[in-house]
Amino acid sequence: MCGQCFARKKRLFSRHSGDVHGCLTRRPTNAGKASLTLDQQALRGDEVLAEGRIRVGCVDAHTLRPRRIPPHLLDTIGTP
């Protein structure tokens, strides 16, 4: 799979990596045959540090042409 970030919004500044003891959440918002869109948030407790939206696509490794996302990946990621 390959990905492209097309929206990003930073909310709070974290001075160093040791400052962040939170998590990264992701929520699928749109799924097509060969691509899907995920909204993500970086959290420190209940505080949103950054958020973004990425679109990932599935391509054939040899031809680099779009191919259908395998059903087991969609099941693992969870689709809208």
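A hairpin of three residues joins β2 to β3. Strands here are DSSP E runs of at least two residues, helices are H or I runs of at least four, and both are numbered from the N terminus. β2 and β3 pair in the antiparallel sense over eight bridges; two strands count as paired if DSSP finds at least two bridges between them. Within this pairing, arginine 26 stands opposite glutamine 40 in β3.

This is a predicted model, in which local features need pLDDT of at least 70 and side-chain atom pairs count only at pLDDT 80 or more, while totals for chains, interfaces and linings use all residues. Residues are numbered from 1 along each chain as its sequence is written, and side-chain values use heavy atoms, with hydrogens and water left out. pLDDT is the predictor's confidence in each residue, on a scale from 0 to 100. The protein averages 76, and 72% of the residues score at least 70. Residues 1–8 stay under 50. The model has 22 contacts for that stretch beyond four places in sequence, a contact being heavy atoms within 4.5 Å. Where pLDDT is low, the predicted coordinates should not be read in detail.

Now follow the chain onward. β3 also pairs with β4, in the antiparallel sense and over ten bridges. Two residues lie between these strands in their hairpin, and glycine 45 there takes a positive phi near 65°. Leucine 36 stands opposite valine 56 in β4. Leucine 38 stands opposite isoleucine 54 in β4.

Buried means under 20% relative accessible area, exposed over 50%, and partly exposed in between (1.4 Å probe, protein chains only). In soluble globular proteins, nonpolar side chains tend to be buried together.

A search of the whole structure finds two salt bridges, each a side-chain nitrogen of Lys or Arg within 4 Å of a carboxyl oxygen of Asp or Glu. Arginine 27 forms one with aspartate 39, their closest N and O atoms being 3.2 Å apart. Arginine 27 lies in β2 (residues 23–31) and aspartate 39 in β3, so this pair ties together parts twelve residues apart in sequence. Aspartate 39 counts as buried, because its relative accessibility is 15%. The side chains of arginine 53 and aspartate 39 also meet in a salt bridge, at 2.6 Å from N to O. Arginine 53 lies in β4, so its pairing with aspartate 39 in β3 ties together parts 14 residues apart in sequence. Arginine 53 is partly exposed, at 34%. Shared partners join Arg27, Asp39 and Arg53 into one network.

Glutamate 51 also lies in β4. At 22% relative accessibility, glutamate 51 is partly exposed. Its side chain meets that of glutamine 41 in a polar contact of 3.4 Å. Such a contact is a pair of N or O atoms within 3.5 Å; within protein, one must be able to donate a hydrogen and the other to accept it, and residues adjacent in sequence count only if both atoms are side-chain atoms.

The last stop is leucine 64, in the loop between β4 and α1 (71–77). Its phi is near 60°, a positive value in a residue other than glycine. Leucine 64 is exposed, with a relative accessible area of 62%.
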